[in-house]
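This report walks through one protein model, from overall form down to single residues. Please keep the coordinates open while reading.

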Amino acid sequence: MNRKNFSILSYTGFAMVTALVGFNWFMWGPLLGSVIEPKYHVSGFLLALFISSVPIMLVFLSYFVGDLADRNPRKTTIISSTILLIAVLIRPLLLSNFYMLLGDQILLSVSAAFCFPSWASFTYRLFEKEKAASLIAGFTAALTGGQILAFLITYPTVKKIGLNKTMWVYGIITAAASLFFIFIIKSGEFPFSISTSKRPSLIEGFKIVLSEKSMIPLMIISFLDIGVFAWLAGWYPSILVAHKGITPTQAGIINSFILIGCLVGAETVPNISHHIKKVKIFLLLLPIICIVTLSIIPALDSFAAFLIDGLILGFALFPMYPLGVHLPSAYSKIGIAFAGVGSGIMLIAGNLGGFLLPELGATVSEIRTAILLFGILPMLFMFLSAMFFKDPDTYRKP
């Protein structure tokens with residue numbers, strides 16, 4: 001296989017793996033309140049782990065996996081694909097026991113923890129630097145695309161053919177894609193080599209990042225932003241079904257519209273910000289838009305209104321995360337030399353929020369209280385944090 005075909009097939013294969021990680025992660029969102037809770041009679045805290053297990057695994061592993069990926073992305077991508085393959089194939093066999101099923105989801109979260117931090121290092125070894133930089137965003141699109149599809153089709157599929165058959169269909173498709181990628185990535189060598197030095201320890205990394213004062217409000221923003229995002233993925237469908245007369249199928253479609261808005265926002269707003277060399281204005285404006293869209297949810301009474309509101313909410317919600325994750329290197333105290341360190345710290349902060357807010361959200365089901373505590377107030381604190389944020393010093397230089 002020539003280098004060009006190897007690069008294209010490897011990139012496409014891992015994009016498929018990424019999409020299926022997102023799919024098999026977010027497929028539980030439409031099912032938690034409508035299928036899983038009635039079937040197993042378990043508490044909200046345990047249910048929330050089906051969504052929050054991925055963020056907490058990223059908190060523990062992303063920094064260290066990122067270091068390994070910098071040195072050997074072939075290894076981390078194969079590990080991710082292999083774990084994903086195993087998790088989805090044994091899952092249908094575990095449906096009789098909730099705790100075994102939850103354990104399988106935690107295993108899948110390890111696959112995610114090896115997948116996401118590998119994107120950049122993997123792509124830079126397949127393509128020239130200028131092309132690779134633009135292609136990395138394709139993995140975000142693949143991940144979100146998988147999540148959107150999960151919300152759109154999972155509940156109708158389970159309703160039509162049952163949970164067991166759905167898990168077998170999802171497992172076979174996912175396993176086939178994983179095997180395809182493993183076969184491709186083992187069939188050739190990376191066209192480009194990157195010289196890397198070992199990352200500083202986690203404590204040293206925190207010291208480097210926190211030497212820039214604007215990183216503190218940025219970490220708070222990442223924590224709250226992904227926290228709200230994960231809470232919406234886990235509990236918003238259940239809240240709509242319980243309080244607004246929305247069917248589980250419609251709730252999945254509404255959440256898919258939120259994710260479509262997230263994808264559009266994540267692909268446009270950071271590019272505009274980078275072009276005009278301004279970040280703070282977006283970190284102040286976007287939470288206000290989120291507060292407005294969240295505040296009107298209890299008053300909405302039509303499916304179309306929820307779709308429009310969700311689209312706008314997603315567009316304003318998600319860009320704050322990619323804005324923050326890739327920003328530390330723009331500060332001269334951190335720089336390109338510690339770009340991976342800065343992004344790793346932001347990932348830890350964001351995914352810690354992605355674990356805590358869904359878990360806390362499991363304790364509140366009343367619609368107005370839930371939206372206030374896990375939507376409006378976090379956005380208000382994000383706005384306040386942004387007031388203490390300063391744009392990168394390198395943006396201010398001619």
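Helices here are DSSP runs of H or I with at least four residues, strands are runs of E with at least two, and both are numbered from the N terminus. By that definition, Asp67 sits in helix H3.

The model is predicted: local features need pLDDT of at least 70, side-chain atom pairs count only at pLDDT 80 or more, and totals for chains, interfaces and linings use all residues. Residue numbers start from 1 along each chain as its sequence is written, and side-chain values use heavy atoms, without hydrogens and water.

**Overall form**

The protein has 18 helices and 0 strands. Its radius of gyration is 20 Å, close to the 21 Å that the globule rule gives for 398 residues, so the protein is as compact as a globular protein of that length. The radius is taken over C-alpha atoms, and the rule is 2.2 Å times the number of residues to the power 0.38. Along the principal axes, the C-alpha atoms fill a box of roughly 55 × 50 × 35 Å.

Contact means heavy atoms within 4.5 Å. Among contacts with a separation of 6 or more, 84% join residues 24 or more positions apart.

**Surface and charge**

The accessible surface is about 16300 Å², and carbon and sulfur atoms hold 70% of it. Areas come from the Shrake-Rupley method with a 1.4 Å probe; for residues, only the protein chains shown count as cover. Buried means under 20% relative accessible area, exposed over 50%, and partly exposed in between (1.4 Å probe, protein chains only). On that scale, 58% of the 398 residues are buried.

There are 27 positive and 17 negative side chains. Lys and Arg count as positive, Asp and Glu as negative; His and the chain ends are not counted. The centres of the two sets lie 4 Å apart, with each charge placed at NZ of Lys, CZ of Arg, CG of Asp or CD of Glu.

**An aromatic pair**

The structure holds 22 aromatic pairs. Rings of Phe, Tyr and Trp (its six-membered ring) pair if their centres lie within 6.5 Å; planes under 30 degrees apart are stacked, over 60 edge-to-face, and the rest tilted. Take Phe23 and Tyr170. Their ring centres are 4.6 Å apart and their planes stand at 75°, so the pair is edge-to-face. Phe23 belongs to helix H1 (residues 3–26) and Tyr170 to helix H9 (residues 163–185), so the pair ties together parts 147 residues apart in sequence.

**Residues in helices and loops**

| Residue | Relative accessibility | Class |
|---|---|---|
| Phe23 | 6% | buried |
| Tyr170 | 6% | buried |
| Asp67 | 9% | buried |
| Val269 | 5% | buried |
| Lys277 | 34% | partly exposed |
| His41 | 69% | exposed |

Asp67 touches Lys198 and Arg199, leaving out residues up to four places away in sequence. Val269 is in helix H12. Beyond its neighbours within four places, Val269 contacts Phe282, Leu286, Phe315, Pro319 and Leu323. Val325 lies 56 residues from Val269 along the chain, with 14 Å between their C-alpha atoms.

Most residues other than glycine have a negative phi. His41, not a glycine, has a positive phi of about 55°. His41 is in the loop between helix H2 (32–40) and helix H3 (44–71). Lys277 also has a positive phi, near 60°. Lys277 is in the loop between helix H12 (248–276) and helix H13 (280–295).
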